[in-house]
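The entries follow the order in which I looked things up.

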Amino acid sequence: MRNTAVFKYLFVAITFWSTVIFRPLKAQNSPTLEEIKKVHKGELAIYLKKSESIAIDIVHDSVIVTADNYAEMLHLSDNSNIFAEKTIYESKFVEISDIEAKTLSTNAKGKFETTKVTHFNTQNDMGGSIFFDDSKSINFVFPNIKEGSKSILKYKETIREPRFLNAYFFAEHIGVIESDYQVTFSSKIKIKYEVFGMDRNQLEFTETKKGNKITYQWKAKNLKGFRIENGSPNIRYYAPHIIIYVDEAEIKGQQKRYLSNVPVLYDFFNSFVKDVNLKDDPAIQKVVDSLTYGLKDDATKTKNIFYWVQDHIRYIAFEDGYGGFIPREASAVFQKRYGDCKDMASILTCMLKYANIPAYLTWVGSRHIPYTCLLYTSPSPRDRQKSRMPSSA
């Protein structure tokens, strides 16, 4: 009897404290729709949470990268159906899989229901100035979007080239309550990272180790959406984001460098061009001789060759896998009379060398990318899209 009385007392005490402690905490962590609308006045929708979890590991003799993406959006107005249309990008370097998209809402009877997206449309996605590339877009529409509903998106990325990791944007063009970026990697891999658009003190950073795995995690909360205006600088100049990159990895007892320093980066890009234009082309030599005949001034020779390329080689852009990096042979460009920027550089440098004028292929950045050369090598269509505007997902 005494034990029963003690048990009843403990049960009552535990129940009382669970009521006092846990219920207020739950209420504090779960603001109502009206409370959220009051804080985010004027917003049509916000992200309750967006996250990306990357795993970098060594499989056989390669570094393999996978990324799990998650986005949960709360719709604050019936007009937020403008966010119903979504797009995910993939290419030969980035494979998309395990897509799950659904809407959580209440029906006319006030009952909670889940509606899954069942139709995903995949199509080629090319920019206005590109004739062909390997970028594809996966398009779909969240159903039943209205005030108070949530749209949730999950998908996995497999990144085939570890040098081509995407940037992670903590903020978006609408508010984000919680943004989480996590990277787990083997202890045999060394990574580095840089933060842009925000002070590192604004991020909650943790590092954990479990076995031979290391995890870096960055969290940010209550981020305001940023606006994009015509003529404004690229969002990378001001949007809060982080770039991680693989420095080196120990593979089969040997250290392999990926983006350790500028010479290593040079070796990587030089591997794309070192075997180009090794054979002479008499037809190109004949044209060069006709353009430079009787001239002694290298500047005039260069001008004649440059304008010949401009007048006779039509610009048609190709970005297909590594074809976005490797220029075509000058002889092929000469015969077909078209090519992209790399191809024009290939035939131009070739013709200048035939005229005994020093000329070199050069990797040139653009003002749209505010980084040093080590920090941006990605040809990913998603990253190219984000350099214009972050996707709503």
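**Entry 1: the whole chain**

I began with burial and noted that 43% of the 393 residues of the protein count as buried, where buried means under 20% relative accessible area, exposed over 50% and partly exposed in between, with a 1.4 Å probe and protein chains only. I am reading a predicted model, in which local features need pLDDT of at least 70 and side-chain atom pairs count only at pLDDT 80 or more, while totals for chains, interfaces and linings use all residues. Residues are numbered from 1 along each chain as its sequence is written, and side-chain values use heavy atoms, with hydrogens and water left out.

**Entry 2: confidence**

The average pLDDT (the predictor's confidence in each residue, from 0 to 100) is 83, and 83% of the residues score at least 70. Over residues 1–28 the pLDDT is below 50, and I found that this stretch has three contacts in the model beyond near neighbours in sequence. Residues 379–393 also have a pLDDT below 50, but this stretch has 60 contacts beyond near neighbours in sequence. I keep in mind that where pLDDT is low, the predicted coordinates should not be read in detail.

**Entry 3: strand β15 and its partners**

Which strands does β15 pair with? Two strands pair if DSSP finds at least two bridges between them, and on that basis I recorded β10 (residues 168–169), antiparallel to β15 over two bridges, β12 (residues 189–196), antiparallel over eight bridges, and β16 (residues 254–257), antiparallel over four bridges. I followed Ile242 of β15 and saw that it stands opposite Tyr168 and is also the bridge partner of Val195. Towards β16, I noted that Glu250 has Gln255 as its bridge partner. Since 10 of the 11 residues of β15 (residues 241–251) are buried, this strand is largely enclosed by the rest of the structure.

**Entry 4: two positive phi values**

The hairpin of β15 and β16 has two residues between the strands, and there Lys252 takes a positive phi near 50°. Lys252 counts as exposed because its relative accessibility is 70%. Most residues other than glycine have a negative phi.

Leaving aside neighbours within four places in sequence, the contacts of Ser151 include Met73, Lys102 and Phe142.

Lys116, in strand β5 (residues 112–116), is exposed at 55% relative accessibility. Not counting residues up to four places away in sequence, I saw Lys116 touch Ala101, Lys102 and Pro143.

**Entry 5: helix α5**

The buried residues of α5 (residues 298–312) are Lys301, Ile305, Trp308 and Val309. Seen down the axis, they fall within an arc of 95°, so they line one face of the helix; the arc is that of the directions from the helix axis to the C-beta atoms. These buried residues pack against α4 (282–292), α6 (330–336) and α7 (341–354), whereas the face turned away carries the exposed residues Ala299, Lys303 and Asp311. At the start of α5, I noted a side-chain oxygen of Asp297 within 3.1 Å of the backbone nitrogen of Ala299.

Key: Contact = heavy atoms within 4.5 Å. Polar contact = N/O pair within 3.5 Å; in protein donor to acceptor, adjacent residues only side chain to side chain.
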